[in-house]
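Dear colleague,

Please find below the structure that I am handing over to you, with its sequence. My notes on it follow directly after.

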Amino acid sequence: MNIKRSLKKLFRKRSAGDNGYLVNLYQTNYERRVLISYITGPFLGANGFMHQNYITSHIVAESFSELGYDVDIVDYSAKGLNIVYENYAVIFGMGDNFERSFYHPARTIPRIHLITGAHDDFHNAMSLKSVKDFYELSGLWLTREANVQPTCNYYAMFNADAAIILARGSVFEDCNARFVNKLYPLNNNILGVFSNLPLKTTDSRTANFLFLSGGRQITKGLHLLMEVARKRKDLKFYLVVPSIDSALRDHYQDLLLEGSNVCLFESLRMDSEQIREIVGVCSYSIAPSYVDGLPGGTIEPMSAGLIPIVSKHCGFAPEKFIFEMEDLSAMALEEAINRVLELEDSEFAELSRQVKNYAIENFSPACVKEELKEILKSEQLN
């Protein structure tokens, strides 16, 4: 990774840079140009340590540059950009500006779609299921806390020349069954802020569970965890989220009072000392998500040795140190919790060591970039 190389260009003269269009990011002079439709923010400021995509964006840009492309980047959702698609040898990415490229007659230009979660059809179906499940549980219809996408980038999802999905396991298999061209799995990357935390041991083992996630808490399955927490007062749950919806907070207000077995933290940077302390006192992480793609809130604490409990819709390949829920229910989550609690101390310590090594070795930025470059080479883009 050479993020400093990108940031040194912050004050360079660039066309339309303030309008979501970065031209020739690295000021190179290759014979080919790539258009990346993703996010531009990570190239305009320092890492806020709130999301893995800050590093992901640099991984993508550096990979193409190292393969001999001048790199232009557009914000995936920016409106009104004058993008001359025929000037590019490759078009890569996601969102509206990637989708617009399919309306250009130069269809011979390779288009590679980056899918950061799941196929749109599956994503929306599972998001809707989360809304309906919570409604049956609570009587609250919280569509704002689900993640249903109002539009589908249809050409990208069904006609890209190739696609890369940040997922494995059943999420990859579902997408592969819907996508007619070549689909490649790619690991998400960690920020690595917990990698240097000490190994979990039998002496440091606790009955503390971490729920670390971004927004859209219903689709992330927070209600499943809260239902277990209401029943299992012998366990402690640490919730770290950007924010929590007021209706959701009110529904679980009894669990969010001081002295409860649920501790809520909002808007913590991933490199903060407070979150390092939270990760340090937890032994397990929980991700009962309805749909996801190798969520950062799970792979990040895995690098600290937290043993993960996940739904099968989180995009993980099977591993003996990843405990998968049987279904999306509070009962299945509690059963998975009981399985990790029943581990012998020696087995817990060994699985914790394995999951830490697995995350650091397979989700590091360097590893993900090499894997991405191999994918691009296999598409004859080197």
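The largest cavity has a volume of about 70 Å³, where a cavity is a set of points on a 1 Å grid over the protein atoms alone at which a 1.4 Å probe fits but cannot get out; the volume is the space filled by probe spheres set on the points, and grid points are joined across faces, edges and corners. The structure holds one cavity of 30 Å³ or more. Of the 13 residues that line the largest cavity, Thr56, Val60, Leu166, Leu186 and Val368 are the closest to its centre; lining residues have an atom within 4 Å of a point. By class, this lining comprises nine nonpolar, four polar and no charged residues (Ala, Val, Leu, Ile, Met, Phe, Trp, Tyr, Cys and Pro count as nonpolar, Asp, Glu, Lys and Arg as charged, and the others, Gly among them, as polar).

Please note that this is a predicted model, in which local features need pLDDT of at least 70 and side-chain atom pairs count only at pLDDT 80 or more, while totals for chains, interfaces and linings use all residues. Residues are numbered from 1 along each chain as its sequence is written, and side-chain values use heavy atoms, with hydrogens and water left out.

Two elements give two or more residues to the lining of the largest cavity, namely α2 (53-66) and α13 (365-378) (helices are DSSP runs of H or I with at least four residues, numbered from the N terminus). Helix α2 gives the most, with three residues.

Helices α2 and α13 also pack against each other, at an angle of about 45° and with their axes 9 Å apart (axes are lines fitted to C-alpha atoms over the stretch in contact, and angles run from 0 to 180 degrees between N-to-C directions).

A second pair is formed by helix α7 (residues 222-231) and helix α11 (residues 330-341), which pack at an angle of about 65° with their axes 8 Å apart. That makes α7 roughly perpendicular to α11. Leu224, Leu225, Glu227, Val228 and Lys231 in α7 meet Ala330, Leu333, Glu334 and Ile337 in α11.

Finally, Arg276 is found in helix α9 (residues 273-281). Arg276 and Leu197 are 79 residues apart in sequence and 8.1 Å apart in space, C-alpha to C-alpha.

With kind regards

Note on methods
Angles under 35 degrees count as roughly parallel, over 145 as roughly antiparallel, 65 to 115 as roughly perpendicular and the rest as oblique. Contact means heavy atoms within 4.5 Å. On a 1 Å grid over the protein atoms alone, a cavity is a set of points where a 1.4 Å probe fits but cannot get out, and a pocket is an open set with protein on both sides within 12 Å along at least five of seven lines; lining residues have an atom within 4 Å of a point.
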